[in-house]
Amino acid sequence: MTPEAMRTRLIWTGTLVVLGSLVLAVRAASVQLKQFDQLPRWAQTQNRIRITIPATRGNIIASNGTELAVSIPAESLWAHPKLIENPKAVAKQLAKILRQDERELHHKLSGSRSFVWLARQLDRQTADRVRALEISGIDFVEESKRSYPHGMLAGPVLGFTGIDSNGLAGIEYAADAILRGRDREVVGERDARGRFFRIGGREPDRSPDGDNIYITIDARIQEIAERELMAAVGRHEAIGGTAVVMDPWTGDILAMASYPGFDPNRYRDYPQERWRNDAIGSVWEPGSTLKTFLIAAALEEGAVAPSTLIDCENGRLEYARRVVFRDDHPREVIPAADVLKFSSNIGSIRIAEKLGKEMHLDYLRRFGFGVRSEIDLPGEERGILGPTSQIRDVQWATIAFGQGISVTPLQVTRAMAAIANGGRLPRPRLLASVRNPAGGIVVGRQPPHLERVISSRTAETMTRMLETVVEPDGTGALANVAGYTIAGKTGTSQKHDISRRGYSAKARIGSFVGFVPSRDPKLVIFVSIDEPKGVVYGGKTAGPVFRAIAEQTLSLMAVTPTAPVAGALAMQAGVVPASWEGESGAVPRRREPVVHEPDAGEEYGPRLPDFTGMTQRRLIAWGRQNSVEFEIRGSGIVMRQQPPWGTPLEHAGKVTVEMKPPP
């Protein structure tokens with residue numbers, strides 16, 4: 001290269017260096033002078049992490065003040081994957097403590113995101129074990145965890161929430177917008193060395209927490225209903241049962257029990273069918289309880305009076321030239337009141353004919369059948385009651401005695417409430433009021449919604465007729481409560497058998513619905529027992545459960561007795577309340593067992609009597625005389641027996657009795 005060419009290259013190189021320096025100087029000056037105020041914002045953008053945390057969910061509180069669903073503090077673990085020096089080693093350490101798959105954890109920790117959840121709502125012991133590892137790049141944030149302090153109590157009613165505190169079932173789902181509140185934003189930052197050093201929150205304009213819901217359920221009554229239902233299902237070896245307790249004047253649900261239920265704290269441990277609230281989510285053919293509303297309609301329209309004579313055809317009726325209906329206990333001509341008392345199917349068909357198909361079905365709809373009740377819960381079924389034009393005469397005849405129509409337990413309960421309160425159909429409700437976290441009223445108690453269905457005069461007449469059902473010779477005798485007048489109706493219905501494309505030969509649902517005290521009702525109670533073994537009739541399976549729930553609830557509410565106690569005590573046989581622990585005098589001592597007359601529709605024949613109240617010596621003596629073998633547990637007087645009384649003697653086998661010292 002010539003000296004001249006070398007000089008030219010040096011000049012160009014020097015020029016480029018000078019120009020580059022000038023550009024850098026201008027840029028630096030611009031940053032220093034014009035964009036200085038933006039530097040902190042850039043730093044925050046690169047170092048700040050924002051986490052959205054669900055607000056603390058509001059509580060669900062029973063009418064007696066018991067907290068049924070609450071939110072408790074919990075710690076959740078998160079990571080900043082870019083700050084994890086050895087993701088594989090960290091994943092191995094955490095997998096053992098968190099009981100998670102090591103490969104999944106490694107995948108999360110190896111990502112490029114600035115934030116990832118590792119575990120939510122950890123218990124304190126697990127969180128402390130993770131914290132002791134002192135791993136850089138992972139930390140905790142406090143959120144809330146849903147807790148149900150009373151376990152399985154009212155599980156299907158309450159429902160449950162997901163991991164992000166969103167309601168997924170029951171009241172939790174129905175009132176999610178009220179309970180959830182506003183989510184809050186939590187901010188984390190890292191220092192110059194990349195270490196996470198602060199986590200905090202920005203204060204919202206108002207409290208983001210959810211509001212508290214007060215519901216009409218009384219936890220004490222709910223517990224009584226669940227306990228008695230569970231005992232009855234076990235006693236009859238049934239597959240399940242349902243109970244509803246309602247205030248007939250307001251429609252308030254005081255208890256709503258389904259057995260078997262589930263624990264919302266561990267809802268994933270139960271099959272999904274256990275999540276269903278059977279009081280509103282299951283339908284079945286109600287059987288004879290539906291006769292109540294047929295006869296109420298017939299009285300209202302003047303089609304019959306209680307004394308109107310009804311020809312029950314001596315127990316056999318050929319209908320539409322192809323279907324034969326029968327009563328198990330044949331009767332010829334009886335008053336309409338006795339059609340209800342003795343639950344005659346043929347008598348019910350004759351009353352329906354006097355009323356007329358269109359009017360009969362119209363009244364059933366007025367009583368709330370075939371439509372949803374609009375209760376504050378998801379998953380309510382409407383039942384099956386098709387248009388009148390599509391219901392043929394034979395189906396209409398079966399509807400007269402409670403088959404060929406599907407209803408829910410809640411529908412039957414509210415329909416009976418209309419008779420109890422003087423003829424007005426109440427809208428059932430669970431939501432009583434809403435209060436904010438500070439205790440201020442957001443939504444106050446609303447007036448009850450009732451719609452007149454029948455006149456008060458008809459309701460009064462029906463009450464007197466329903467009282468005869470629980471008389472000693474009525475089908476609901478075992479529902480009688482010592483010291484109170486009762487009005488109610490039994491029901492026993494066949495279940496469908498899909499394989500047979502018809503009704504099952506054995507499966508039944510026994511039910512009882514009634515109100516107490518009958519002349520000044522405080523409670524309407526519905527009970528059903530699904531597929532009891534041995535005795536299947538509602539008067540013997542569900543009636544005693546009605547009595548047990550009513551006895552304890554009336555005592556809890558301090559309701560003044562309305563009838564002489566002595567006369568009613570004679571009916572206290574059969575079932576001892578499940579809460580009895582040897583401190584109550586509800587079971588009288590007896591010298592001989594009690595033999596109960598069969599219900600209407602039940603076949604006659606040798607039956608196992610009721611041994612409740614007998615001493616061991618007299619029990620053994622009776623067994624020797626009648627060739628019945630006993631397995632005796634405990635000592636004192638008989639409190640329970642299995643198989644239950646009423647079981648055919650030929651199928652009874654060895655009888656197990658539980659005994660306790662008399663009071």
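These legends accompany several close-up views of a predicted model. Because the model is predicted, local features need pLDDT of at least 70 and side-chain atom pairs count only at pLDDT 80 or more, while totals for chains, interfaces and linings use all residues. Residues are numbered from 1 along each chain as its sequence is written, and side-chain values use heavy atoms, with hydrogens and water left out.

**View A. Helix 3 and helix 5 pack against each other.**
Here helix 3 (residues 87-98) meets helix 5 (residues 124-131) at an angle of about 165°, and their axes are 10 Å apart. Helices (H or I, at least four residues) and strands (E, at least two) are DSSP runs, numbered from the N terminus. Axes are lines fitted to C-alpha atoms, for helices over the stretch in contact, and angles run from 0 to 180 degrees between N-to-C directions. The two helices are therefore roughly antiparallel, a term for angles over 145 degrees. Helix 3 and helix 5 cross in a right-handed sense, meaning that the near helix is turned clockwise from the far one by less than a right angle. Helix 3 brings L94, I97 and L98 to the contact, and helix 5 brings T126, R129 and V130; contact means heavy atoms within 4.5 Å. Sorted by class, these are four nonpolar, one polar and one charged residues. Ala, Val, Leu, Ile, Met, Phe, Trp, Tyr, Cys and Pro count as nonpolar, Asp, Glu, Lys and Arg as charged, and the others, Gly among them, as polar.

**View B. Helix 13 crosses helix 15.**
The axes of helix 13 (residues 345-355) and helix 15 (residues 393-400) come within 8 Å and cross at roughly 115°. This crossing, too, is right-handed. Look for S348, I349, A352 and E353 of helix 13 against W396, A397 and A400 of helix 15. By class, the contact has five nonpolar, one polar and one charged residues.

**View C. Helix 15 is largely enclosed by the rest of the structure.**
Six of the eight residues of helix 15 are buried, where buried means under 20% relative accessible area and exposed over 50%, with partly exposed in between (1.4 Å probe, protein chains only). The buried residues are V394, W396, A397, T398, I399 and A400. They pack against helix 11 (291-300), strand 12 (316-319), strand 13 (323-326), helix 13 and helix 14 (357-366). After helix 15 comes G402, with a positive phi near 90°.

**View D. Q121 and S144 touch.**
Q121 sits in strand 4 (residues 116-122) and has a positive phi of about 55° although it is not a glycine. Q121 is buried, at 14% relative accessibility. S144, in strand 5 (residues 138-147), is also buried, at 9%. Leaving aside residues up to four places away in sequence, S144 touches A55, T56, R57, S71, I72, P73, A74 and Q121.

**View E. A558 has a positive phi.**
A558, a residue other than glycine, has phi near 55°. Its place is the loop between helix 19 (543-556) and helix 20 (565-569). A558 is exposed, with a relative accessible area of 62%.

P643 belongs to the loop between strand 23 (637-642) and helix 22 (649-652).

Note on methods:
Parallel < 35°, antiparallel > 145°, perpendicular 65-115°, else oblique.
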